[in-house]
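Trainee: Hi, could you walk me through this one? I have the sequence and the 3D view ready.

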Amino acid sequence: MSHILIIDDDDQLRKSFHKLLTQEGYDTGSAASGEAGVAMIHQRCPDVVILDMRLPGMNGFETFSAIHQIEPKLPVIIMTAYGSTETAIEATKMGAFDYILKPFDIPDMLAIIRQAVEASRFMRSPIEMNGAPDSAAQDAIIGRSASMQEIYKAIGRVASTDATVLIRGESGTGKELVARAVYQHSLRADQPFLVINCVAIPDTLLESELFGYEKGAFTGANHRRAGKLEQANGGTVFLDEIGDMPFSLQSKMLRLLQERSIERLGGRDPIPVDVRIIAATNRDLESAIEAGRFREDLYYRLKVVTIRLPALRERSGDIALLSEYFLSKFSREVGMDCPGMSPDAQALLNRHVWPGNVRELANTIQKAVIFNRGAPVSQEDIAIAIREKIPDKNTHDEPYDQLLRRCLHQALTDYSGDNVFDAIMDQVAGILIGEALNLSAGNRSRAAKLLGLSRPTLHAKIEKYGLKFETSVREDH
Ligand SMILES: Nc1ncnc2c1ncn2[C@@H]1O[C@H](COP(=O)(O)OP(=O)(O)OP(=O)(O)O)[C@@H](O)[C@H]1O
Ligand SMILES: [Mg+2]
């Protein structure tokens, strides 16, 4: 349970916070002065601090500085009244997580608290690399394949430099985990790590979030605000989904990378900022450049150090290890003993192609664990969980003929040799038959029906293409 410390001299306000945050599932502590708050942090470090600026004795700003010295990564949310925002701005420039204005808008305030709790977890829960399947770590990178060994080496090599890192890979391959591992092993590990998701924030807000603004820069900008890049000074900024960054912002990013300075919206003077950038994307940046959606000069700046995560189907040898890890993780989460899995369930997991990669595998196993309530996971459970999979967030509204076209385009660029046509057609047939067998839990009669083939014809095709599938345990005769 996340622990939130409230520092405010107003008894009533502390009580209301306690009530509200307890209802939201947080554990709270409170202090009536800056001195008392700092003493409490020495004893037990909370996950997030909510700090009033107007305090007797040590004032809010001094308290913030003291906290920041003890624990630079601890997210501190400043509370202030309209009219006294200058100190809050100063504090955000010094690295306060964010500020909220009195009177509070409760949903907005809870949203900021949630973000701060997540930021705290991101910075402080360590990522175990090359973790064991029964690892109790909250987050571990699992995989022993050669391609994952290369990833661990790459993380080790780049972490201790200040180089910009670009992490690429399909959706669900673990880009965010790798970004956190790079940060945690870097020289800046004791400084903040800020995550900005370029897709989650509307285009119009992204610029002011990142770069901040001066009073009067646009309608509604009635006070100055430091942007996230300024707040993360000295630390690391993770720009997630950078391939979706609006074109107009890309030149500002380029300037940050080249000149190590930013300009607030409506501001004239460059402000020096020292941040390390880690960026990630699942987009094909090269095509985005061709289509005029991504700046080539920014691309070259970003890609100096690239970590490319393999798709799960390219490291299918790791599926068993990952399955074991998720099985033990999710059963632990619901307070059960690890139920184990039948060999044919594992075989089904091994031969599925996992378009949603590790995320899809995790979701599948989580569903199977929840539905099964402690019984060993069977092939049928997995088949059901795969069929009900959450649609892939990047492809769910793309018609399948377009998806197929993209895959075949990729295949044409990957294959070479005399029999490209036959090689691709054989592969397509193999995948089609494999999916039909997956959907029917390995039952060949049902798979034949799905494909509109007779059972002998399906059997002949399986032979022809040399496909190796487990024979179903539940054949209809
Ligand atoms: N190697 C791995 N070991 C254990 N868990 C993993 C691994 N790779 C990914 N995961 C888990 O899979 C899920 C998706 O990973 P993550 O969010 O890092 O993917 P992503 O590449 O950032 O995807 P997207 O492009 O969709 O944002 C997370 O829950 C993550 O913990
Ligand atoms: Mg991600």
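Trainee: Where is proline 103 found?

Mentor: Proline 103 sits in the loop between strand S5 (98-102) and helix H5 (106-124). Helices (H or I, at least four residues) and strands (E, at least two) are DSSP runs, numbered from the N terminus. Before we go on, this is a predicted model, where local features need pLDDT of at least 70, side-chain atom pairs count only at pLDDT 80 or more, and totals for chains, interfaces and linings use all residues. Residues are numbered from 1 along each chain as its sequence is written, chains are lettered from A and ligands numbered from 1 in the order in which they are written, and side-chain values use heavy atoms, with hydrogens and water left out.

Trainee: Got it. What is the peptide bond from lysine 102 to proline 103, cis or trans?

Mentor: That bond is cis, with omega near -5°. Most peptide bonds are trans, and most residues other than glycine have a negative phi.

Trainee: Which residue has a positive phi of about 60°?

Mentor: Glutamate 241 does, although it is not a glycine. Glutamate 241 lies in the loop between strand S12 (236-240) and helix H10 (247-259). Arginine 260 also has a positive phi, near 55°, and is placed in the loop between H10 and S13.

Trainee: Is glutamate 241 buried or exposed?

Mentor: Glutamate 241 counts as buried because its relative accessibility is 11%. Buried means under 20% relative accessible area, exposed over 50%, and partly exposed in between (1.4 Å probe, protein chains only). Arginine 260, at 35%, is therefore partly exposed.

Trainee: Let's zoom out. How many helices and strands are there?

Mentor: The chain has 20 helices and 16 strands. Its C-alpha atoms fill a box of roughly 85 × 50 × 40 Å along the principal axes. Of the 477 residues, 49% count as buried.

Trainee: And the ligand? Which residues are closest to ligand 1?

Mentor: The closest are Ile142, Ser171, Gly172, Lys175 and Arg359, out of 20 residues that surround ligand 1. Here a residue is near a molecule if one of its heavy atoms lies within 4 Å of it. That shell divides into eight nonpolar, five polar and seven charged residues. For those classes, Ala, Val, Leu, Ile, Met, Phe, Trp, Tyr, Cys and Pro count as nonpolar, Asp, Glu, Lys and Arg as charged, and the others, Gly among them, as polar.

Trainee: What lies 3.4 Å from a nitrogen atom of ligand 1?

Mentor: A polar side-chain atom of arginine 315 does. An oxygen atom of ligand 1 is 2.8 Å from a polar backbone atom of glycine 172, and an oxygen atom of ligand 1 is 2.9 Å from an N or O atom in the side chain of arginine 359. The protein covers 88% of the 630 Å² of accessible area that ligand 1 has on its own. Accessible areas come from the Shrake-Rupley method with a 1.4 Å probe; for residues, only the protein chains shown count as cover.

Trainee: Which elements give two or more residues to that shell?

Mentor: They are strand S7 (139-141), helix H7 (175-184), helix H13 (319-333) and helix H15 (357-372).

Trainee: Let me stay with helix H15. Is phenylalanine 371 buried or exposed?

Mentor: Phenylalanine 371, which is in helix H15, counts as exposed because its relative accessibility is 59%. Alanine 362 lies in helix H15 as well, but alanine 362 is buried, at 10%.

Trainee: New topic: how many salt bridges does a search of the whole structure find?

Mentor: The search finds 23. A salt bridge is a side-chain nitrogen of Lys or Arg within 4 Å of a carboxyl oxygen of Asp or Glu. One of them joins aspartate 318 and arginine 315, at 2.8 Å from N to O. Aspartate 318 is buried at 3% relative accessibility, and arginine 315 is buried at 4%.

Trainee: What about glutamate 214?

Mentor: Glutamate 214 meets arginine 264 in a salt bridge, with 2.8 Å from N to O. The two are 50 residues apart, with glutamate 214 in the loop between strand S10 (212-213) and strand S11 (225-226), and arginine 264 in the loop between strand S13 (261-262) and strand S14 (271-272). Glutamate 214 is partly exposed at 21%, while arginine 264 is buried at 7%.

Note on methods:
Polar contact = N/O pair within 3.5 Å; in protein donor to acceptor, adjacent residues only side chain to side chain.
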